[in-house]
Amino acid sequence: MTDQGNRLVFFWGRECPHCAKLHPIVNEAHAELVKNGGQGITELEVWHSEENAKLMRSYGEVLKKACGGSLGVPALYNERSKKALCGMRITKEQIIDLAKE
Amino acid sequence: MAVKKLWRCNVCNDIHYGIKGPEICPTCGAKNAFTLIDYPESKKVIIDRGDRLDQVDQLLEVWEKFAEGKPFKLNPDTEFVKTLARGELENQKNHGLKYCPCRITTGDLEEDLNLICPCNFFIQPVYKETGECWCGLFVKR
């Protein structure tokens with residue numbers, strides 16, 4: 001397991017339909033990253049885990065900007081580069097690029 | 001920013017929360033009838049017998065009515081809409097309010113009030129850019 005502070009985190013909500021649609025794309029990106037010897041993606045559900053929600057809030061400044069003003073899911077956050085992607089239109093290519101940051 | 005206060009219609013006891021009371025009471029039609037009250041009084045005046053909106057079908061009906069005559073409509077994908085309704089009811093059960101399942105609360109109640117569905121999506125950039133609210137529940141006609 002990758003250490004906290006050095007991960008690419010996928011924040012998602014169990015009842016968020018866009019998260020469900022993005023999930024297979026995140027899985028594909030994860031598989032590709034691992035296949036190429038990189039670190040995978042850490043998935044954290046935020047509506048049913050206060051611990052995960054707290055972590056997401058701690059990255060709030062960057063995530064809010066990426067999510068158009070308020071915290072939102074689905075969102076990906078690179079703990080190393082402190083860069084984020086947010087929303088339903090995230091592509092696999094964008095995720096791979098974010099992982100390489 | 002002006003502070004919102006509580007107002008009570010002295011004819012029918014409607015309660016309003018806002019910068020000022022409505023000029024015409026939406027319930028009884030009385031003019032200039034709203035007077036400033038405090039929170040304890042408002043709690044006593046509001047009788048807990050309003051409709052419970054805790055079923056998926058009820059929410060769908062409320063949302064349909066909300067969108068009536070507006071430049072946006074409910075997303076035509078009913079299964080998608082029902083998933084969101086279930087998510088909001090789950091959030092109501094676990095977090096106290098019908099927060100958008102595609103957002104996440106900050107822990108600051110005042111800030112989180114903006115995440116109750118239907119939210120203020122028509123003033124948000126994402127609606128202007130994509131024609132949909134953040135979660136896709138409402139789409140431009």
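## Chain B and helix α1 of chain A

Of the 141 residues in chain B, 24% are buried (20 or more other C-beta atoms, placed from the backbone, lie within 10 Å of the residue's own). This is a predicted model, in which local features need pLDDT of at least 70, side-chain atom pairs count only at pLDDT 80 or more, and totals for chains, interfaces and linings use all residues. Residues are numbered from 1 along each chain as its sequence is written, and chains are lettered from A in the order in which they are written.

Chain B has 5 helices and 5 strands, which are DSSP runs (H or I, at least four residues, for helices; E, at least two, for strands) numbered from the N terminus. Their order from the N terminus is β-β-β-α-α-β-α-α-α-β.

The contact between the chains takes 20 residues from chain B and 18 residues from chain A, where two residues are in contact if their C-beta atoms, placed from the backbone, lie within 7 Å. On the side of chain B that touches chain A, α3(B) gives the largest share, 7 residues.

In chain A, the buried residues of helix α1 include Leu22(A), Val26(A) and Ala29(A). The buried residues of this helix pack against β1, β2 and α4 of chain A, together with α3 of chain B.

| Element of chain A | Residues |
|---|---|
| α1(A) | 17-35 |
| β1(A) | 8-12 |
| β2(A) | 41-45 |
| α4(A) | 92-100 |

Just after α1(A), Gly37(A) has a positive phi of about 85°.

Conventions: The expected span of a helix is 1.5 Å times one less than its number of residues. A residue is buried if 20 or more other C-beta atoms lie within 10 Å of its own, exposed if 12 or fewer, and partly exposed in between; C-beta atoms are placed from the backbone.
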